[in-house]
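Hi,

Here is the structure I promised to pass on. Have a look at it first, and then read my notes below.

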Amino acid sequence: MIGQVIRCGDDIHQTERTLLVHKDIPAGGEIPEHNHPNHNIYFIVTKGKFNITLGGSEVHEVKAGEALQFSGDNTISAQCDEDSQAFVSLTKMD
């Protein structure tokens, strides 16, 4: 089989080394501070805007059509002022 259709839920796809997650956050919603040790993260915004804090102090405004890449060893938290969606790709580092 060349391709595979994957049912979309919160955790869209997971293998031993990768995880793809869909986040749908309403206006005023947030993602609590957490981390993903030993993972490389791509936070890809597809709708709205996320105000993302890395490491407790580094703030990034990431809008639809933009992505933020970082090491999961750092903490992440996020707030949304408007309805927002993102895909988060986590890849385990060797």
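Predicted model: local features only at pLDDT ≥ 70, side-chain atom pairs only at ≥ 80, totals over all residues.

I started with glutamate 61 for its partner. Its side chain meets that of lysine 49 in a salt bridge, at 3.7 Å from N to O. The two ends sit in distant parts of the chain: lysine 49 belongs to strand β5 (residues 49-54) and glutamate 61 to strand β6 (residues 58-63), 12 residues apart. In general, side chains of opposite charge can pair when their charged atoms come close. Lysine 49 is at 19% relative accessibility, so this residue counts as buried, the cut-off being under 20%. The salt-bridge count for the model comes to one.

Now the aromatics. The count here is one aromatic pair. Phenylalanine 43 and phenylalanine 50 have ring centres 5.0 Å apart and planes at 75°, so the pair is edge-to-face; the cut-off for that label is over 60 degrees. Both of these phenylalanines are buried.

For backbone geometry, take a look at asparagine 38. Its phi is near 65°, which is a positive value in a residue other than glycine. Asparagine 38 is located in the loop between β3 (30-34) and β4 (39-47). With a relative accessible area of 35%, asparagine 38 is partly exposed.

Last, the charges on the surface. Asp24, Asp81, Glu82 and Asp83 form a negative patch there. One of its members, aspartate 81, lies in the loop between β8 (76-79) and β9 (84-92). Aspartate 81 has a relative accessible area of 55%, so this residue is exposed, since the cut-off for that is over 50%.

That's what I have for now.

Cheers

Conventions:
Residues numbered from 1 in each chain as written. Heavy atoms only, no water. Patch = residues over 30% accessible without salt bridge, like charges linked within 9 Å, V, L, I, M, F, W, Y side chains within 5 Å. Areas by Shrake-Rupley, 256 points an atom, 1.4 Å probe, with all protein chains shown as cover. Salt bridge = Lys/Arg side-chain N within 4 Å of Asp/Glu carboxyl O. Lys, Arg positive; Asp, Glu negative; His and termini not counted. Charge placed at Lys NZ, Arg CZ, Asp CG, Glu CD. Helix = DSSP H or I, 4+ residues; strand = E, 2+ residues; numbered from the N terminus. Buried < 20%, exposed > 50% of the residue type's maximum accessible area, 1.4 Å probe, protein only. Phe/Tyr/Trp six-rings, centres within 6.5 Å; stacked < 30°, edge-to-face > 60°.
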